[in-house]
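Please read the points below with the sequence and the model open side by side. Each point takes up one feature or one group of residues.

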Amino acid sequence: MTVETHGFQTEAKQLLHLMIHSLYSNKEIFLRELISNASDAVDKLRFEALADSSLYEDAPDLRVRIESDVEAGTITIHDNGIGMSREEAIEHLGTIAKSGTSQFLNNLTGDQKKDSQLIGQFGVGFYSAFIVADKVVVETRRAGLAADQAVRWTCEGEAEYTIEDIEKADRGTSITLHLKEEEEEFAAELRIRGTIKKYSDHIAVPIEVKKPGSPKKEGDEEGSEQSDEPEYQVLNSATALWTRPRNDIKDEEYKEFYKHVSHDIEDPLTWSHNRVEGKLDYTSLLYLPAHAPFDLHNREVARGLKLYIQRTFIMDDASQFLPLYLRFVRGILDSNDLPLNVSREILQGSPAVDSIRGALVKRVLDMLEKMAKESPDDYTEFWREFGAVLKEGPAEDFANRERIGGLFRYATTETKGDEQTASFADYISRMKEGQDKIYFLVADNITTARNSTYLEVFKKQGIEVLLLTDRLDEWTLSHLHEFDGKQLQDVAKGELDESVLGEKDNAEEEEANKESSATVEKISTHLEGRVESVRETRRLTDSPACLVYAEHALSPQMRKMMEAAGQPVPEDKPVLEVNLKHPLVTRLGESTDDEKSSELAELLYDQATLSAGEQLENPSLFVKRLNQLLFESSS
């Protein structure tokens, strides 16, 4: 018999080290993880057997069986599910490539309590065995392979593991944990029974343990053979939780089922369990997690609902039933209206899928709206974790864009700090009489936003402005356009309404126009080719100048995003608006030195560029001009 020794990948070594040193705060969680994996293996056998019933190998009764030996200090979890071939054992047990280990390790803080919360987000359930065991032995044979094609995988929690060919008469997988001396309490029968009832009662596969003190079976007649087979009893309800009436399911059962389908270790924020009958017949159980997984913003990662058809498991990540902007939702869908031989290609073109998808989206939006109304603190937490993903919604889901927009939260000029708590509805309720637009400002961060020159006239008029600091915000609102009939307006683009600018003093304006036209003309001459035009501003009260872009031009923030992505950026020349009452502009207008006027015009333009959040082409020249101005002013 050939025994091969393999080394773990570097990241796997680090993760094993963490597991061995008890990163989990609740050690008994290892049994839940291993039972969950065994249940998945049974589900996958059911699915593959739809096309090839011979995979059952004359043993159609599927189950998970737990055995322990207190004296030997071992626990064994048997399942007669799909099992693994030699290649699959090396792939799934010898590496952690599918678990995002590298990103996991980057997120570690060094605080064991905080770090333990990360484990459940990374699909590393099998490795939780090393929390209580110093040696793990896996014996497995894939359904359909010969008995002599089974393998034994052994690891003692070090940098290596061994794999060898063995014979195994029954299909499936057996995982034997050799417990550490200080962890042998977990082999106690009462401890195992209590853990199963606590964490795995919802599992739809029977979980069997030996009956306490069950005697060997004696033959009924003299001379008959005695049986050494122990008797087993099923500990869990073994009924798919989602098929039971809602009134019969406790909150704790819902929470444990969430941990089973999501491999999270924290409770969900909320959930929705619904049975639909009529034109379509299906059951859904949808959960909103409390925390975002590390790869939430990777749109390529497979994610979706667990799909069952007539209680038969079909696939883990049925992404067709929810759009990508709701990819944080976890749960299951069980339908009676899709064919059992369903494939991804059939799903994509099925009218039934489209109908179910629309209903599930509505259900998730209902959950979010209810949470925002009834549990604002929970919703604030949700928005902090998942808001950036929800902002993808208006571009992907045109029909629901206003409902999605109603879930958005922002900081505003009326809110404190950087907390995003104001909704569009809140903003509208505080709008001034006569105001018919929702004003927003795009900036790199909240400090820049609150001190922006573009807010000066709005502060003067007491008009609230939304402060957008997420890189997706401008792109998102370009697909929303309006909310509740109110147009969305970027304060740095286009002309402002009279309701914002206030009434003009016609007499004063007529007198000023004579002087202003000459100043504006002078600045235009000096900045020819740099700006679209120069005009007097009414949006500034304290600053000398600002750049104003056309209504549909790209903002500096959007331009930076496109440049970073390597996309071509169109050249949009801005309008320079100047505050003719500002001393710097007055000085420029009064100057008879053409060279000095040019320097001041360039200084105005550079200041406006910085205020708009753009980079200067020649920062050192700007500093030189500014120092010269300061020197002359102090002379």
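1. D134, E156, E181, E182 and E184 gather on the surface in a patch of negative charge. A patch is built from residues with over 30% relative accessible area and no salt bridge, like charges being joined within 9 Å and nonpolar side chains (Val, Leu, Ile, Met, Phe, Trp, Tyr) within 5 Å. Asp and Glu count as negative and Lys and Arg as positive, while His and the chain ends are not counted. The place of a charge is taken as CD of Glu, CG of Asp, CZ of Arg or NZ of Lys.

2. This is a predicted model, in which local features need pLDDT of at least 70 and side-chain atom pairs count only at pLDDT 80 or more, whereas totals for chains, interfaces and linings use all residues. Residues are numbered from 1 along each chain as its sequence is written, and side-chain values use heavy atoms, with hydrogens and water left out.

3. E182 sits in the loop between β7 (172-179) and α6 (189-199). Helices (H or I, at least four residues) and strands (E, at least two) are DSSP runs, numbered from the N terminus. E182 counts as exposed because its relative accessibility is 55%. The classes are buried (under 20% relative accessible area), exposed (over 50%) and partly exposed (in between), with a 1.4 Å probe and protein chains only. The areas come from the Shrake-Rupley method.

4. Which way do the residues of strand β22 (residues 575-578) point? V575 and E577 point one way, L576 and V578 the other way, and all are buried. β22 runs parallel to strand β20 (residues 533-536), to which four bridges join it. In that pairing R535 stands opposite E577. With strand β21 (residues 545-548), β22 pairs in the antiparallel sense, again over four bridges. Here V548 is opposite V575. Two strands are said to pair if DSSP finds at least two bridges between them.

5. Strand β16 (residues 437-442) is largely enclosed by the rest of the structure, because six of its six residues are buried. K437, Y439 and L441 point one way from β16, and I438, F440 and V442 point the other way. β16 runs parallel to strand β19 (residues 486-490), and four bridges join the two. I438 stands opposite L488 in β19. A parallel pairing over three bridges links β16 to strand β17 (residues 466-468), where F440 faces L466 as its opposite residue.

6. How many salt bridges are there? The count comes to 44, a salt bridge being a side-chain nitrogen of Lys or Arg within 4 Å of a carboxyl oxygen of Asp or Glu. In one of them, the side chains of E208 and R65 meet at 2.7 Å, N to O. This pair links distant parts of the chain, with E208 in strand β8 (residues 207-210) and R65 in strand β2 (residues 64-69), 143 residues apart. E208 counts as buried because its relative accessibility is 14%.

7. K391 forms a salt bridge with D470, and their closest N and O atoms are 3.8 Å apart. K391 lies in the loop between α10 (376-390) and α11 (393-396) and D470 in the loop between β17 and α16 (473-480), so the pair ties together parts that are 79 residues apart in sequence. K391 is buried, with a relative accessible area of 2%, whereas D470 is partly exposed, at 24%.

8. R625 and E602 also meet in a salt bridge, at 3.9 Å from N to O. R625 is in helix α22 (residues 619-634) and E602 in helix α21 (residues 594-611), so the pair ties together parts 23 residues apart in sequence. Both residues, R625 and E602, are buried. Elsewhere, salt bridges that share partners join R32, E33, E256, K259 and D267 into one network.

9. E57, although not a glycine, has a positive phi of about 50°. E57 is found in the loop between α2 (29-49) and β2 and is partly exposed, with a relative accessible area of 28%. H263, in the loop between α7 and β10 (270-276), has a positive phi near 60° and is likewise a residue other than glycine.

10. T243 is found in the loop between β9 (232-234) and α7 (251-262). T243 counts as partly exposed because its relative accessibility is 29%. The C-alpha atoms of T243 and D334 are separated by 8.9 Å, while the two residues are 91 residues apart along the chain.

Definitions and conventions
Areas by Shrake-Rupley, 256 points an atom, 1.4 Å probe, with all protein chains shown as cover.
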